[in-house]
Amino acid sequence: ASFGFASFDHLGHAMLVLFQSSLPDAFNLVLHVSLQAEPGTAWLTWLYYFVITGISTCLMLGLFVAVVTGTFKRVREESEYREAQLRNLKLHKHSMKLPHSIREPGLVIAPDSPKQDAPTA
């Protein structure tokens, strides 16, 4: 019977079997082929696949946590940078001695302009 690449006779095939056994939906075929190939060492085969599954699960979980925490860190740093820019802009705005009409675009009246007296008739 031909089992394809499911063997440990060649390094490339062994790496392919390791990769295939770390996938959750593909390790069953490799496990059953391994059990048929060496029926006397079934306990060792089960132990091997249990360890490989545990290690790959921990690696994938660690990778997921690293990606999520890295994303949160980047978003937090961007948020802190924006807040610092806004804070600096507000400080700069308050330190400037400009009329209200320039500082606040909604106001049209400039308090520094001289008042004109109404002509008397």
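## A tour of a pocket and a core

Welcome! The second largest pocket, with a volume of about 160 Å³, is where we begin in this predicted model.

**Stop one: the pocket lining.** Select Leu18, Phe19, Ser22, Leu23, Ile52, Ile55, Ser56, Leu59 and Met60, which line the second largest pocket. Now colour helix 1 (11-22) and helix 3 (42-95), the elements that each give two or more residues to this lining. Which helix gives the largest share? Helix 3 does, with five residues.

**Stop two: a pair of rings.** Next, select Tyr48 and Tyr49. A search of the whole structure turns up one aromatic pair, and these are its partners: the ring centres of Tyr48 and Tyr49 lie 4.9 Å apart with their planes at 80°, so the pair is edge-to-face. Are the two residues buried or exposed? Tyr48 counts as partly exposed because its relative accessibility is 26%, whereas Tyr49 is buried, at a relative accessible area of 2%.

**Last stop: Leu31.** What does Leu31 touch, leaving aside its neighbours within four places in sequence? Show Thr45, Trp46 and Tyr49, and you have its contacts. Tyr49 thus brings the tour back to the partner of Tyr48 in the edge-to-face pair.

How values were computed:
Residues are numbered from 1 along each chain as its sequence is written. This is a predicted model: local features need pLDDT of at least 70, side-chain atom pairs count only at pLDDT 80 or more; totals for chains, interfaces and linings use all residues. Side-chain values use heavy atoms; hydrogens and water are left out. On a 1 Å grid over the protein atoms alone, a cavity is a set of points where a 1.4 Å probe fits but cannot get out, and a pocket is an open set with protein on both sides within 12 Å along at least five of seven lines; lining residues have an atom within 4 Å of a point. Grid points are joined across faces, edges and corners, and a volume is the space filled by probe spheres set on the points. Helices (H or I, at least four residues) and strands (E, at least two) are DSSP runs, numbered from the N terminus. Rings of Phe, Tyr and Trp (its six-membered ring) pair if their centres lie within 6.5 Å; planes under 30 degrees apart count as stacked, over 60 as edge-to-face and the rest as tilted. Buried means under 20% relative accessible area, exposed over 50%, partly exposed in between (1.4 Å probe, protein chains only). Contact means heavy atoms within 4.5 Å.
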